[in-house]
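This report describes selected local features of one protein model. Please consult the sequence and the structure shown below while reading.

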Amino acid sequence: MNKATKTIIIPPGSSERFVDLSTFGGGEYFGRNIFMTAICSYPSGYRIVYPCSSRHMVVFCYEGEFCWQCDQERGTLTAGSVLIHPAGRYQEISSSCACKSIFFLLTPSPAWGSPELSCSPAADSELIRQLMLKAEKLSISSDNSGKNAVGKLLFLLLKSVIHSPGSDPHPMQMLHSRMLLQPQKAWNIESMAKFCGVSVPHFFLLWERSYHISPYQMLIDIRLEQAKELLAQTAYPVKNIATLCGYEHPFSLTRAFRKKYGVTPEKYRNSVVKKCKS
């Protein structure tokens with residue numbers, strides 16, 4: 001067998017939902033450092049073998065379990081855990097029962113350093129699962145800001161999981177990506193500073209250096225931008241959009257929206273609909 005040839009055994013009932021992330025992160029990460037990613041659901045009996053893979057493989061299991069082998073080492077990947085298969089070695093993974101996973105094929109680059117074989121619980125596995133499910137929805141959307149937020153956060157989380165030298169994600173970048181991904185969360189200065197692991201005064205200093213506007217104004221801009229996208233792309237009532245964007249009352253969204261864009265959410269939606277019909 002050619003050592004570069006992979007073998008895939010797919011039993012009946014198996015499914016792979018491949019998510020094309022080549023446009024995520026402005027092309028900075030996907031299609032380059034991240035060669036491929038997929039959300040997968042398999043019955044017992046699925047097996048994939050890379051005799052000498054040219055890429056690192058990272059697998060997050062979030063339901064069931066997998067058996068894995070790397071050269072002569074073997075083990076089991078259980079739900080909530082992550083497996084890192086380094087490139088240049090024999091890679092095998094198979095499902096011993098019905099299971100679900102998210103996997104990444106990573107093109108070796110300085111971004112990943114020289115990862116070592118490991119199989120351990122993943123502190124951010126639930127977040128990554130949610131990000132991948134959101135990425136699947138965004139893959140057919142024109143929401144570029146959402147794509148960039150998901151792409152950047154996934155990239156930073158992967159670097160954190162792999163523990164590449166010098167790859168610790170910058171807390172300001174992580175926070176900004178979280179705000180883009182979860183604008184509905186009840187963010188305040190104290191929770192932002194706590195997320196970054198610094199005091200409130202130090203947080204203000206770091207944030208101003210990175211973005212040159214207040215974190216509160218950044219949050220407002222993110223929420224209103226998402227509201228614009230939801231108004232243009234969905235038929236959700238304004239009160240639902242307000243909740244999705246972090247506003248307790250529709251009036252609060254209407255007031256902030258009119259202040260920034262000069263029109264109410266309803267008038268903005270009507271203008272978009274009218275423009276599409278013309």
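## Salt bridge between Asp 221 and Lys 260

Asp 221 and Lys 260 join their side chains in a salt bridge, with an N to O distance of 3.5 Å; the term denotes a side-chain nitrogen of Lys or Arg within 4 Å of a carboxyl oxygen of Asp or Glu. This pair links distant parts of the chain, since Asp 221 belongs to helix H6 and Lys 260 to helix H8 (residues 250-261), 39 residues apart. Helices (H or I, at least four residues) and strands (E, at least two) are DSSP runs, numbered from the N terminus. Asp 221 is partly exposed at a relative accessible area of 23%, and Lys 260 is partly exposed at 41%. Here, buried means under 20% relative accessible area, exposed means over 50%, and partly exposed lies in between (1.4 Å probe, protein chains only).

The model is predicted: local features need pLDDT of at least 70, side-chain atom pairs count only at pLDDT 80 or more, and totals for chains, interfaces and linings use all residues. Residues are numbered from 1 along each chain as its sequence is written, and side-chain values use heavy atoms, with hydrogens and water left out.

Side chains of opposite charge can pair when their charged atoms come close. Arg 89 forms a salt bridge with Asp 71, with 2.9 Å between the closest N and O atoms. The two residues lie in distant parts of the chain, 18 residues apart: Arg 89 is in the loop between strand S8 (81-85) and S9, and Asp 71 is in the loop between S6 and S7.

Arg 89 also meets Glu 73 in a salt bridge (3.5 Å, N to O). Glu 73 sits in strand S7, 16 residues apart from Arg 89. Arg 89 is partly exposed at 23% relative accessibility, Asp 71 is partly exposed at 29%, and Glu 73 is partly exposed with a relative accessible area of 42%.

## Residues with positive phi

Asp 71 has a further feature: although not a glycine, this residue has a positive phi of about 55°.

His 212 is found in the loop between helix H5 (200-211) and H6. With 63% relative accessibility, His 212 counts as exposed.

Strand S9 (residues 91-95) is mostly covered, five of its five residues being buried. Cover is present on both faces: Gln 91, Ile 93 and Ser 95 are buried on one side, and Glu 92 and Ser 94 on the other.

S9 pairs with strand S4 (residues 47-50) in the antiparallel sense over four bridges; two strands pair if DSSP finds at least two bridges between them. Tyr 50 has Gln 91 in S9 as its bridge partner. S9 also runs antiparallel to strand S6 (residues 65-70), to which it is joined by five bridges. Opposite Ser 95 in S9 stands Phe 66.

## The largest pocket

The largest pocket holds about 800 Å³ of space. Of the 28 residues that line this pocket, Lys 134, Leu 138, Asp 143, Gln 226 and Leu 230 are the closest to its centre. On a 1 Å grid over the protein atoms alone, a pocket is an open set of points where a 1.4 Å probe fits, with protein on both sides within 12 Å along at least five of seven lines; lining residues have an atom within 4 Å of a point. Grid points are joined across faces, edges and corners, and the volume is the space filled by probe spheres set on the points.

Helix H1 (125-138), helix H2 (144-162), helix H3 (171-181) and helix H6 (215-233) each supply at least two residues of the lining. H6 provides the largest share, eight residues.

## A nonpolar surface patch

Phe 18, Phe 35 and Met 36 make a nonpolar surface patch of about 280 Å². Patches consist of residues with over 30% relative accessible area and no salt bridge, with nonpolar side chains (Val, Leu, Ile, Met, Phe, Trp, Tyr) joined within 5 Å and like charges within 9 Å. Accessible areas come from the Shrake-Rupley method with a 1.4 Å probe; for residues, only the protein chains shown count as cover. Phe 18 lies in strand S2 (residues 15-18), and is partly exposed with a relative accessible area of 46%.
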